[in-house]
Amino acid sequence: MSVTVRVPAKVNVQLAVGAARPDGFHDLANVFLAVGLYDEVTVTPADELRVTCAGPDADQVPLDRTNLAARAAFALAARRGIEPAVHLHITKDIPVAGGMAGGSADGAGALLACDALWGTGASRAELLAICAELGSDVPFSLVGGAALGTGRGERLTALEVGGTFHWVFAMARRGLSTPAVFREFDRMAEGRTIPEPEASAELLDALAKGDPDALAATVSNDLQPAALSLFPELADTLAAGRDAGALTALVSGSGPTTAFLARDPESAVKIADALRTSGTCRTVRTATAPAPGATVTGRTDQ
Ligand SMILES: C[C@@](CO)(OP(=O)(O)O)[C@H](O)COP(=O)(O)OP(=O)(O)OC[C@H]1O[C@@H](n2ccc(N)nc2=O)[C@H](O)[C@@H]1O
Ligand SMILES: Nc1ncnc2c1ncn2[C@@H]1O[C@H](COP(=O)(O)OP(=O)(O)O)[C@@H](O)[C@H]1O
């Protein structure tokens, strides 16, 4: 018996960051867009909980109880008073510590897979509440598409997307820690008044129209200066993609993955080729958006 769930990565087309809150988090206006790069989580009954991972970055993924997939299984089992006796296998294609919410994807995927395997029948609202306990980005991994995240990013409002956007992603040679990037944001913000984060009406309109030029003109990421401060070489990657015709180039979330919006699939291929030969990054991928959220893609009864 097994259940397999496929979950997308994300890029933040707007990431407005407010001042640090007393709990250490930051209020956000976080416009998430799910992109067609996916992790898969397969859950099968086992004697006790264990996690395995396959894929190019698998050696960087913790296989203990800190893995977000394991934490998701524990959280759902605890609510039902059952033992999380499962094997969670992650097929990882989303870069690790890349600002594309790979760990969050695995958390949302494991939750949906365990719910299906155990027949828990959790409501969407309960699944979303568990996701929010696991991490600020995890609810969005469950729902996919496009959404505005407020609070610390966990309170979602679905957004309309009127077309397909073509993206290129450049994966960096090392990761960046999300808390470290927020700390650098705070350090750089010292002595300044930070405005309340607000979604841009122009950006939401560009998404709704599916207009890549309008989207390119309105994307923003308040964490980008902090990510560049900790990882200055990313500026070279951004420049290489811009020179190759990207409509816009930005750091994805807390980075260090960089994201390039292309006008069409042909331009995306050209930008990807230029980034590959630029020597400024580790790997390059193209993907379209929006992508669906966590979805059950396989089920066996044996
Ligand atoms: C920045 C974003 C943008 O979507 O993602 P990444 O680009 O890293 O994937 C998110 O806000 C990351 O969300 P997620 O990775 O789920 O973070 P969490 O586990 O909730 O929090 C990790 C740490 O990040 C900081 N944090 C996170 C969210 C938030 N609104 N304010 C924060 O200050 C805190 O230091 C927190 O301890
Ligand atoms: N299933 C998982 N996949 C990847 N990383 C995980 C996972 N569970 C926990 N982690 C931890 O979370 C950190 C951030 O991972 P990730 O979600 O890939 O990056 P980001 O938050 O930048 O999108 C990793 O360095 C790793 O230690």
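## Exercises on a predicted model

The span of residues 67-145 has end C-alpha atoms 24 Å apart and is 59% helix and 8% strand; helices (H or I, at least four residues) and strands (E, at least two) are DSSP runs numbered from the N terminus. This is a predicted model, in which local features need pLDDT of at least 70, side-chain atom pairs count only at pLDDT 80 or more, and totals for chains, interfaces and linings use all residues. Residues are numbered from 1 along each chain as its sequence is written, while chains are lettered from A and ligands numbered from 1 in the order in which they are written.

**Exercise 1.** Determine how the axes of helix H9 and helix H10 cross.

*Solution.* Step 1: the axes of H9 (residues 234-243) and H10 (residues 265-278) come within 8 Å and cross at roughly 140°; axes are lines fitted to C-alpha atoms, for helices over the stretch in contact, and angles run from 0 to 180 degrees between N-to-C directions. Step 2: H9 is therefore oblique to H10, as angles under 35 degrees count as roughly parallel, over 145 as roughly antiparallel, 65 to 115 as roughly perpendicular and the rest as oblique. Step 3: the contact (C-beta atoms, placed from the backbone, within 7 Å) joins Thr 237, Ala 240 and Gly 241 of H9 to Ile 271, Ala 274, Leu 275 and Ser 278 of H10.

**Exercise 2.** Describe the shell around ligand 1.

*Solution.* Step 1: ligand 1 is surrounded by 20 residues (C-beta atom, placed from the backbone, within 6 Å), the closest being Gly 135, Ser 136, Asp 137, Arg 152 and Gly 253. Step 2: strand S1 (2-20), strand S2 (26-45) and helix H5 (178-189) each supply at least two residues of this shell.

Terms used:
Contact = placed C-beta atoms within 7 Å.
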